[in-house]
Amino acid sequence: MPGKFIQLLLANALTCGLEICMATGTTYIPPLLLEAGLEEQFMTMVLGVGPMLGLVFVPMISSASDRWSGRFGRRRPFIWALCVGVLLGLLLIPHSLHLASLLPWHPRWLELLLLVASICLLEFCGQACFTPLEALVSDLFPGAEESQQAFSIYSLMLSLGGCVGYLLPVVDWHAWGLAVYLGSQEALIYALLTIILLLCLLSTTFISEELGATVTHSDTGHMYKTKQCCPCLFQLHPLHLYRSLRNCLSLLPQLYKLFLQVPLVIRRLFVAELCSWMALMTLILFYTDFIGEGLYQGVPTALPGTQERLRYDEGVRMGSLGLFLQGFTAVVSSLMMNRLVAQLGMRTVYLSSVVVLTGATLVMSLSSNIYLVTLMTMVTGFTFCTLEVLPYSLICLYHSNKLVFFTSSQSKMQPVQVEDMEQNMSLLPNSKKQIYSEGHPVEMSSPGHRPFRLTDPHPSNVFIPMSKDSLPDSLSTLSAQSRGLCLDMAILDSAYLLSHVVPSLFLGYIVQLTHSVTAYMTCATGFSVLAIYFSRWVIIDRTDLE
């Protein structure tokens with residue numbers, strides 16, 4: 001309908017503006033950190049702090065958004081709050097060194113700390129803001145078929161924003177008098193980004209969230225637990241880095257337990273998305289540095305005006321052009337996505353996009369021809385578009401029939417104690433229930449009647465079928481229907497955030513050991529191969545459950 005389509009364009013206007021800011025930031029942040037004197041391995045770690053914070057807090061924000069109610073809806077208050085953080089980061093990054101110099105005492109580490117903190121704020125708030133935006137799009141178009149069309153428009157605006165964002169650094173802004181007045185090309189570009197984001201943010205004030213789905217309350221039992229993880233990752237002392245990494249690793253057992261509570265369909269999609277995004281984000285995050293140092297033989301820490309620094313700056317501009325072409329391909333792919341899925345099927349399109357990424361990164365690892373490398377970067381836009389459309393369409397498909405996809409996705413029976421069984425049975429309505437003792441049903445009365453007694457003398461042998469398809473219908477329905485859409489999208493977005501963290505923690509050391517930035521593309525190829533394997537197990541329709 002025209003009204004809902006206008007609402008979709010208004011929501012995606014902010015998507016486009018936000019992606020412009022994030023794309024330009026992705027291009028400029030590595031050179032800015034290297035120019036500030038940060039070593040390669042620490043530079044990659046800084047890029048992982050924002051996504052790591054998102055990995056912890058985005059599920060909490062999403063769960064709160066699912067349960068929020070107010071005059072401005074349940075998505076926009078969180079969108080606006082996160083955009084304030086993005087604006088603050090855009091204002092601080094180009095002026096962080098100048099602001100630190102205003103203090104009566106300004107050691108070098110304070111200047112670097114302010115720059116790193118500004119970058120982390122921009123990365124965290126910018127990436128976290130996409131989750132409520134995606135949920136807003138899904139609220140406006142809740143059906144499986146219309147959500148696929150809506151997310152095609154979402155991907156189109158996202159790709160268009162990437163095109164503009166990667167195109168801005170290609171232009172030599174020093175020829176403009178305004179760049180000289182503001183002090184640098186970076187200051188001019190970040191000022192433009194601030195204006196663009198403010199204009200796009202105004203469009204969200206005209207959105208009527210009442211057109212979308214009604215408010216549902218997500219199961220608070222699925223809320224992510226948090227723990228202080230990396231409070232000082234940007235402190236560059238080796239002891240601090242060791243403690244931060246140890247605290248992050250201590251989260252793994254808890255995350256694994258939470259991971260097992262997620263339905264099988266979401267788990268499989270999460271793993272495939274994680275490997276795919278790790279490959280693609282390794283390419284995107286370090287592409288300009290790969291071109292500037294690897295292909296153009298430039299040196300980012302060289303003095304301005306020297307031949308080594310000029311070659312590096314030229315490589316960064318050429319790398320930005322390659323990422324722009326990637327965004328252009330993503331725009332074209334967005335326009336064709338519905339037709340491709342209709343003719344080839346969702347599974348074929350999904351797998352082919354990962355195969356394209358594998359071939360492209362392999363060629364980039366072996367070739368030193370700038371034109372061939374740029375062409376390979378261009379074709380990965382098809383993969384970018386696919387990862388932005390199909391997984392979210394699958395989430396909407398799963399939620400359109402929760403009892404099918406969320407109650408038929410586990411078949412594991414787990415032993416429980418008698419006390420746990422009594423607590424679980426209290427959730428059921430006042431009717432007869434059954435438990436299973438060594439595979440045989442044993443009747444017992446409902447709560448409010450006589451206490452039940454087990455005839456089995458060995459309580460440890462009593463099993464409650466924890467697979468949702470074996471549970472009584474009432475408990476199965478309670479578990480499935482309580483899942484919030486935004487929370488499941490946050491789980492999917494956690495794969496995107498985690499895809500920043502893993503390469504950021506380790507690739508800097510790999511590059512330092514190999515003394516070659518080609519290691520970036522080699523690692524991207526390895527992640528792509530893993531993505532091909534796990535993408536084969538993604539559940540696309542009901543027949544896959546059988």
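Visitor: Is the crossing of helix 12 and helix 13 left-handed or right-handed?
Guide: This is a predicted model. In it, helix 12 spans residues 287-295 and helix 13 spans residues 307-344. Where helix 12 passes helix 13, the crossing is right-handed.

Visitor: At what angle do helix 12 and helix 13 pack?
Guide: The axes of the two helices lie 7 Å apart. Their angle makes helix 12 oblique to helix 13, since angles over 145 degrees would count as roughly antiparallel. The packing angle is about 140 degrees.

Visitor: How many residues of the contact of helix 12 with helix 13 are charged?
Guide: Helix 12 brings residues including Tyr287, Ile291 and Gly292, which meet residues of helix 13, among them Tyr312, Gly315 and Leu323. The residues of this contact include six nonpolar and six polar ones. The number of charged residues is two.

Visitor: Is isoleucine 189 buried or exposed?
Guide: Isoleucine 189 lies in helix 8, residues 185-202. Its contacts beyond four places in sequence are Thr24, Tyr28, Leu168, Pro169 and Trp173. Because its relative accessibility is 0%, isoleucine 189 counts as buried.

Visitor: How far apart in space are isoleucine 189 and cysteine 21?
Guide: In sequence, isoleucine 189 and cysteine 21 are 168 residues apart. From C-alpha to C-alpha, their separation in space is 9.7 Å.

Key
Residues numbered from 1 in each chain as written. Predicted model: local features only at pLDDT ≥ 70, side-chain atom pairs only at ≥ 80, totals over all residues. Heavy atoms only, no water. Axes fitted to C-alpha atoms, helices over the stretch in contact; angles between N-to-C directions. Helix = DSSP H or I, 4+ residues; strand = E, 2+ residues; numbered from the N terminus. Parallel < 35°, antiparallel > 145°, perpendicular 65-115°, else oblique. Left-handed = near helix turned anticlockwise from the far one by under 90°. Contact = heavy atoms within 4.5 Å. Nonpolar A, V, L, I, M, F, W, Y, C, P; charged D, E, K, R; others polar. Buried < 20%, exposed > 50% of the residue type's maximum accessible area, 1.4 Å probe, protein only.
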